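Dear colleague,

I am handing over the structure that I have been reading, and I would be glad if you kept it open beside this email. My notes on it follow below.

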Amino acid sequence: MAESDISERRKAVEKGLPPILKRLWRYGMVLTGDPDMANELVQATCLRALERCQQFEPGTQLIRWTYTILGSIWKNELRSRSVRQGQGHVDPEFALVTDGISEMNTNILARQVLKEVEQLPEGQREAVFLVYGEGLAYREAAVVLDVPVGTVMSRLAAARSKLAGLKDKGDHLLPAE
Amino acid sequence: MNLSNEMLVAYIDGELDASESTALADALANDPDARARLESLKSGGRPFAEAFDAMLHAAPDDTLQAMFADMVAQTSGGLINGRVSDRPADETVVPFHRPAPAQSQQARSTPLWQMAAAAAVLALVFTGGLISGGIFNEPQRVAEQMPGWREAAARYVALFSKETLEYMPSNVAERRANLAEAESVLGLQLTENRIADPDLDFQGTQLLNFNGKPLVQIAYLHGGQKPVALCIIAAATNEPAPPANETRQGLNIVHWVEGGYGYMVIGDVPEDELNRIAERFRTQFS
C-alpha cells in the first residue's frame with residue numbers, strides 16, 4: 001500500500017472517530033454494564049483502530065468496523081480479566097442505567113426499557129442493541145458480531161420472548177417517582 | 001412453511017423478502033398457535049432505539065474526546081497536526097434511526113401495526129408545578145421556565161415519527177396500566193372520555209421526567225401520519241390562561257392553563273385543525 005494511501009486512511013479514521021466516541025462507549029456499556037470498563041474499551045478500540053487504519057476502507061462505515069473491533073477486544077481480551085465472566089446469568093452489578101442517566105431529564109420509559117435490557121444475557125443484549133438500537137439489518141449485525149445470521153435471529157427471538165414474559169408479569173413498571 | 005420464533009421475529013422486523021413474507025402470512029392464517037406466538041413476540045418489542053439513546057446522554061464525552069486527542073497526538077507522527085478539532089456531531093438529536101423501509105412496509109401489512117399506523121397523537125403530561133404561577137404571574141420567571149417545559153416537550157415530540165409510535169404498547173391492559181400510573185402521578189383523571197379525540201388515534205402513555213419532575217405522555221397519531229402531543233403539567237397556580245398559539249421546533253402548539261394544570265397540544269398539524277383538537281381537550285378536561 002502506498003504511503004499516501006495509509007496517510008489517507010489514517011486521516012479518515014482520525015477524523016471519523018471523535019463523532020462516534022459516544023456511540024462506542026454506549027456499545028461498551030451494553031457489553032460491560034460498567035462505565036469505567038466502557039471507557040477502557042473505547043480507548044483500546046481507538047488505539048487498535050489507529051494502529052490498523054490501513055485495514056479501514058474509506059467510504060465504508062467506520063462505526064461498524066470499530067464495533068467489530070470493540071466487541072472482539074471485549075470478548076477476547078478484557079472480559080476474561082473482568083469479574084464478569086459472561087456466563088449468561090445476570091450480574092447484579094451490571095447496569096445500563098447509570099447515575100448520569102438517572103440524573104438527567106430522561107424519559108422514564110427509556111429507563112424502564114434499559115432495566116429490562118439489563119436482564120438479558122450478553123449475546124441477546126448486543127443483538128438487540130445492534131438491530132433495534134442501531135438499526136442494523138440482521139446481515140449487518142451478523143458481520144459485526146462475526147456470527148451466522150441465524151444466531152442473530154435466535155438471539156432476537158429469545159430476547160423478545162423474555163421481554164414478552166416480563167411484560168406479562170408487569171415487571172417493567174417501575175414505581176412512579 | 002417454517003413458523004419458528006426466529007422466522008416470526010424476522011417477519012416482525014421486516015427482514016423477510018416479499019415472497020417469504022407472503023408465504024409466512026398465508027401459513028399464519030392456518031396456524032392459531034403461531035399467531036399467538038407472533039403476538040407474544042410483538043409484545044416483547046420495546047422502544048429500544050429511544051432507550052439506548054438515553055445512554056448517549058450519559059456518555060462522558062469530554063473524557064472520551066480528551067483521551068482520543070491525546071492518543072492522536074501521541075501516535076500521529078505528524079500525519080495530522082495536533083488535535084482532532086472537529087467537534088463531534090450531536091448524535092442525540094436523532095434517536096429513532098430505526099426502520100429500514102422494508103420494516104415499515106412489513107409493519108403496515110399486519111392489522112395490529114395498521115392500527116398503530118392509523119393515527120398517532122402524543123400527549124405529554126407534565127406534572128409537578130413546573131408551569132408554576134411564575135410563568136403567568138411573574139414575567140421574569142417566564143423567561144427561565146417557559147422555554148423550559150414547552151421547549152423541552154417540543155424537542156421531544158419533534159423526535160417522534162410514526163414508526164416510533166408503533167413501538168408503544170398495543171395491548172389494552174398495558175395501556176390501561178400506564179394510564180393509571182400517569183393518573184396517580186399527575187393527580188388528574190385521565191379517563192377515556194377525557195383523552196379520546198375523534199381525529200386522534202390513541203397510541204399510549206409514557207411517564208417522562210423533566211427537571212426531576214414526573215411528566216406523563218400520552219401518544220396519538222393524526223391522520224395516520226403525524227404524531228401530535230397533548231402536554232399537561234401541574235401548575236402552582238389556579239390562575240387560568242386562555243389558549244394561545246406558538247411554534248417550536250417546526251411544530252404548531254396550542255397551550256393554556258386551567259384548573260391548576262398547564263396544557264399544551266403540539267404536532268405537525270395545521271393550526272386551525274390543532275385549535276379544534278385543543279378546544280375539544282379543553283372541554284373534556286374542564
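**Notes on the structure**

In helix α7 of chain A, the residues that count as buried are Glu122(A), Gly123(A), Gln124(A), Arg125(A), Glu126(A), Ala127(A), Val128(A), Phe129(A), Leu130(A), Val131(A), Tyr132(A) and Gly133(A). Please bear in mind from the start that this is a predicted model, and that what I describe was computed from it. The helix covers residues 122–133, and it is mostly covered, with twelve of its twelve residues buried. Just after α7(A) comes Gly135(A), which takes a positive phi of about 75 degrees.

Of the 177 residues in chain A, 54% are buried. The accessible surface of the chain comes to about 7300 Å², and carbon and sulfur atoms account for 48% of that surface. If you look at the contacts in chain A with a separation of 6 or more, you will find that 66% of them join residues 24 or more positions apart.

One residue of chain A that you could look up is Leu78(A), which has its place in helix α4 of that chain, residues 62–81. Is Leu78(A) buried or exposed? Its relative accessibility is 9%, and because buried means under 20%, Leu78(A) counts as buried. When its neighbours within four places in sequence are left aside, Leu78(A) is in contact with Glu40(A), Leu41(A) and Ile73(A). Leu78(A) and Met37(A) are 41 residues apart in sequence, while their C-alpha atoms are 8.7 Å apart in space.

The next part concerns helix α4 of chain B, residues 48–58, which packs with helix α2 of chain A, residues 21–32, at an angle of about 115 degrees and with the axes 9 Å apart. That angle makes α2(A) roughly perpendicular to α4(B), and the crossing in which α2(A) passes α4(B) is right-handed. On the side of α2(A), the residues that meet α4(B) are Lys22(A), Arg23(A), Trp25(A), Arg26(A), Met29(A) and Val30(A), and their partners in α4(B) are Phe52(B), Asp53(B), Met55(B), Leu56(B) and Ala58(B). Sorted by class, this contact has seven nonpolar, no polar and four charged residues.

Helix α6 of chain A, residues 108–118, also packs with α4(B), here at an angle of about 95 degrees and with the axes 8 Å apart, which makes α6(A) roughly perpendicular to α4(B). The contact is made by Ala110(A), Val113(A), Leu114(A) and Val117(A) of α6(A), together with Phe48(B), Glu50(B), Ala51(B), Phe52(B), Ala54(B) and Met55(B) of α4(B). Its residues divide into nine nonpolar, no polar and one charged.

Lastly, in chain B, you might find His255(B), which lies in strand β6, residues 251–258. His255(B) has a relative accessibility of 10% and therefore counts as buried. Apart from its neighbours within four places in sequence, His255(B) is in contact with Arg150(B), Pro242(B), Pro243(B), Ala244(B), Glu246(B), Tyr263(B) and Met264(B).

With kind regards

How values were computed: Residues are numbered from 1 along each chain as its sequence is written. Chains are lettered from A and ligands numbered from 1 in the order in which they are written. This is a predicted model: local features need pLDDT of at least 70, side-chain atom pairs count only at pLDDT 80 or more; totals for chains, interfaces and linings use all residues. Side-chain values use heavy atoms; hydrogens and water are left out. Axes are lines fitted to C-alpha atoms, for helices over the stretch in contact, and angles run from 0 to 180 degrees between N-to-C directions. Helices (H or I, at least four residues) and strands (E, at least two) are DSSP runs, numbered from the N terminus. Angles under 35 degrees count as roughly parallel, over 145 as roughly antiparallel, 65 to 115 as roughly perpendicular and the rest as oblique. A crossing is left-handed if the near helix is turned anticlockwise from the far one by less than a right angle, and right-handed if clockwise. Contact means heavy atoms within 4.5 Å. Ala, Val, Leu, Ile, Met, Phe, Trp, Tyr, Cys and Pro count as nonpolar, Asp, Glu, Lys and Arg as charged, and the others, Gly among them, as polar. Buried means under 20% relative accessible area, exposed over 50%, partly exposed in between (1.4 Å probe, protein chains only). Accessible areas come from the Shrake-Rupley method with a 1.4 Å probe; for residues, only the protein chains shown count as cover.
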